[in-house]
Amino acid sequence: MSIKVDHVSYTYMPGTPFEHQALYDVSFEIPDGDFVGIVGHTGSGKSTLVQIISGLIRGYEGHVYVNEIDFSDKKQDRRELRKQVGVVFQYPEYQLFEESVEKDIAYGPTKLGVDPKEVERRVKAAMDLVELDYDLFRDKSPFSLSGGQKRKVAIAGVLAMEPKILIMDEPIAGLDPMGRENFMQLARSLNECGITILMVSHNMDNLAEYTKHVLVMNDGRLFMQGTPEEIFSDYTRLREASLDLPEVAQFAQMLRSRGMDIPPHVIRYDQLKELLLQRFGGNAACCKM
Amino acid sequence: MQTMIDASKLKFAYVSEDGDYTFALNGVDIQVAQGEFVAILGRNGSGKSTFAKLVNALNLPTEGKMVVAGMDTTDEANLLDIRKTAGMVFQNPDNQLVATIVEEDIAFGPENLGLPREEIYDRIDYALSTVHMEAYRGHAPHMLSGGQKQRIAIAGVLAMKPKLIVFDESTAMLDPKGRQDILELIRQLNREEKITIVLITHYMDETVHADRLVVMKNGFVLREGKPQEIFFDRELLAQAGLIAPFAAQLSMDLAAAGIAVKPELDAEKLAEEVCQLK
């Protein structure tokens, strides 16, 4: 499902001493099936932007189309939006409230009026996707789980809604490195199942490895957009937006500054490794961990 | 040299409503010397944060002992002194700021100690200058960026003049620049203010300068050692579910493929070495 953001501006608390314009004339399109990373420093407008797309903030200027329906139109029924767009907020584990994992995940689809049998199937499928063992966890209290497990439960709750678009705000903050990697792989497999994904993150390394496109926000404006290769190899502009290159791109830059000829757009670990192995005659086959 | 943290055979269990015990720590021995910079690594649920909460008596041991600067945390008479000695900085600065003005927020701790007015002002000056936020004295904390808020949270802890600060994923919510700033500040506190640091983090690159790493798994200490001893041990990393920092990973991968590079934790040094290759 596609998203179109058309000349959107937004001001918090207009007409008060706290008036603050968070977005200035932002426009972009995300085609169906895309996997988009959104980056930007704190206060750059990322979270405001995703809340507008999710339909949680109203009263903005401009238009937001989801699947070609204009949801900035106040008369538009937004239940459809809620069904199609799943939102995972920062620290989703704080959203848990039910007495068992199963009930928590089932809450959304049950409220949508989905048949109980189907709800059960969806709960199982969602837990399967986030790799939580159904029999082991279904009856546990979500509050007895570890931080990483709670987050999985919260995300399973969103997946059980079977959204076509999944919007996630800092979903990997606070996860351990393996947890981050697993989560990104989960996002990729959901994307391969046809779900359009928007992910806000400060983690350039993970975004460089997994996304198809990247939007860079800076001071409320859309500052850059392109493929991860384009964005994450443009050190000068990223610096202007107070952001850093992914580690791999930084390293490529270190090699270049020492006079080594490294092609542009080296941003992923395997790319860099293969390149160095080829150049220095290493044996790629024995390098597998 | 004084031992700042002496945990022996430490166990801690969370008790559920129906009386079930879940052990988050299964018998942990960790010693931290005064002035040391120790990082604790491990997957989510390995017991790191539980350990942190035992250090300043937010949790009390189910079994075993936790002694902080010579004070047993189970002795209630020690509580105030332990809290003064061991400060904590958590993940989300929004949960740690209590006042509507930066200065008042920092004064909160010293005021509760009943210190004289001049002493409180001295401490605010000291804390703000140490975190480089003098210019924000009269600002509202909620208007600051994440990194700035975290600095104010740290200043609030510094105003208590602690000997030890535990940072429990204090950079997890920050953007790359904020994370870098806070990490530099933590190192400065250790180097210049001689404050003992316990750093809990999921970012391996933040720990390569630590004096010592403690790797935890399932409520046990799996291994302790210098960063060089931990990050080049693939078996250990796999067992603990950790991923080596970038430079360590790349240098090991290149070496495994028969390219002559040394194990290296620092990306600049590795780049230097790679450029020397023929």
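This is a predicted model: local features need pLDDT of at least 70, side-chain atom pairs count only at pLDDT 80 or more; totals for chains, interfaces and linings use all residues.
**Figure 1. Six strands of chain A form an open sheet.** Read the strands in the order β6-β7-β8-β3-β9-β10. Their pairing is mixed. Which strands stand at the edges? They are β6 (85–88) and β10 (221–226) of chain A. Each has a single partner strand, so one side of each is left without a neighbour in the sheet. From one strand to the next, the twist averages 15°. Strands of a sheet pair through backbone hydrogen bonds, and the pairing is either parallel or antiparallel.

**Figure 2. Strand β9(A) pairs with β10(A).** Strand β9(A) covers residues 213–218. Five bridges join β9(A) to β10(A). The two strands run antiparallel. Look for A:Leu215, which stands opposite A:Gln225 in β10(A).

**Figure 3. Helices α3(A) and α6(A) pack at an angle of about 35°.** Their axes are 7 Å apart. The crossing is right-handed. Helix α3(A) spans residues 101–111. It brings A:Val101, A:Asp104, A:Ile105, A:Tyr107 and A:Gly108 to the contact. Helix α6(A) meets them with A:Val153, A:Ala156 and A:Gly157. By class, five residues of this contact are nonpolar, two are polar and one is charged.

**Figure 4. Chain A touches chain B.** How many residues of each chain are in contact? Chain A has 38 and chain B has 36. The most comes from α11(A), with five residues. The chain A side divides into 17 nonpolar, 16 polar and five charged residues.

**Figure 5. Helix α12(A) has the length its residue count predicts.** It has 12 residues. At 1.5 Å a residue, these should span 16 Å. The end C-alpha atoms are 17 Å apart, which agrees. After α12(A) comes A:Gly281. Its phi is positive, near 70°.

**Figure 6. Tyr60 of chain A sits in a loop and is buried.** The loop links α1 (46–53) and β4 (61–66) of chain A. Why does A:Tyr60 count as buried? It has 21 C-beta neighbours inside 10 Å, and 20 or more make a residue buried. Beyond its neighbours within four places in sequence, A:Tyr60 is in contact with A:Val8, A:Ser9, A:Tyr10, A:Ile52 and A:Ser72. A:Ser9 is 51 residues away from A:Tyr60 along the chain. Yet the C-alpha atoms of A:Tyr60 and A:Ser9 are separated by 5.9 Å.

**Figure 7. Strand β3(B) is largely enclosed by the rest of the structure.** Five of its five residues are buried. B:Phe37, B:Ala39 and B:Leu41 point one way. B:Val38 and B:Ile40 point the other way. In a regular strand the side chains alternate between the two faces of the sheet. Four bridges join β3(B) to β8(B), and these strands run parallel. Here B:Ile40 has B:Ile200 as its bridge partner. Strand β3(B) also pairs with β9(B) in the parallel sense, over four bridges. There B:Leu41 stands opposite B:Val215.

**Figure 8. Helix α1(B) is mostly covered.** Seven of its eight residues are buried. They are B:Lys48, B:Ser49, B:Thr50, B:Phe51, B:Ala52, B:Leu54 and B:Val55. Helix α1(B) is followed by B:Ala57. The phi of B:Ala57 is positive, near 65°.

Figure 9. Most residues other than glycine have a negative phi. A:His7 is exposed, with 12 other C-beta atoms within 10 Å. A:His265 is found in the loop between α11 and α12 of chain A. With 15 C-beta neighbours inside 10 Å, A:His265 counts as partly exposed.

Methods:
Residues are numbered from 1 along each chain as its sequence is written. Chains are lettered from A and ligands numbered from 1 in the order in which they are written. Two residues are in contact if their C-beta atoms, placed from the backbone, lie within 7 Å. Ala, Val, Leu, Ile, Met, Phe, Trp, Tyr, Cys and Pro count as nonpolar, Asp, Glu, Lys and Arg as charged, and the others, Gly among them, as polar. Axes are lines fitted to C-alpha atoms, for helices over the stretch in contact, and angles run from 0 to 180 degrees between N-to-C directions. A crossing is left-handed if the near helix is turned anticlockwise from the far one by less than a right angle, and right-handed if clockwise. Two strands pair if DSSP finds at least two bridges between them. The expected span of a helix is 1.5 Å times one less than its number of residues.
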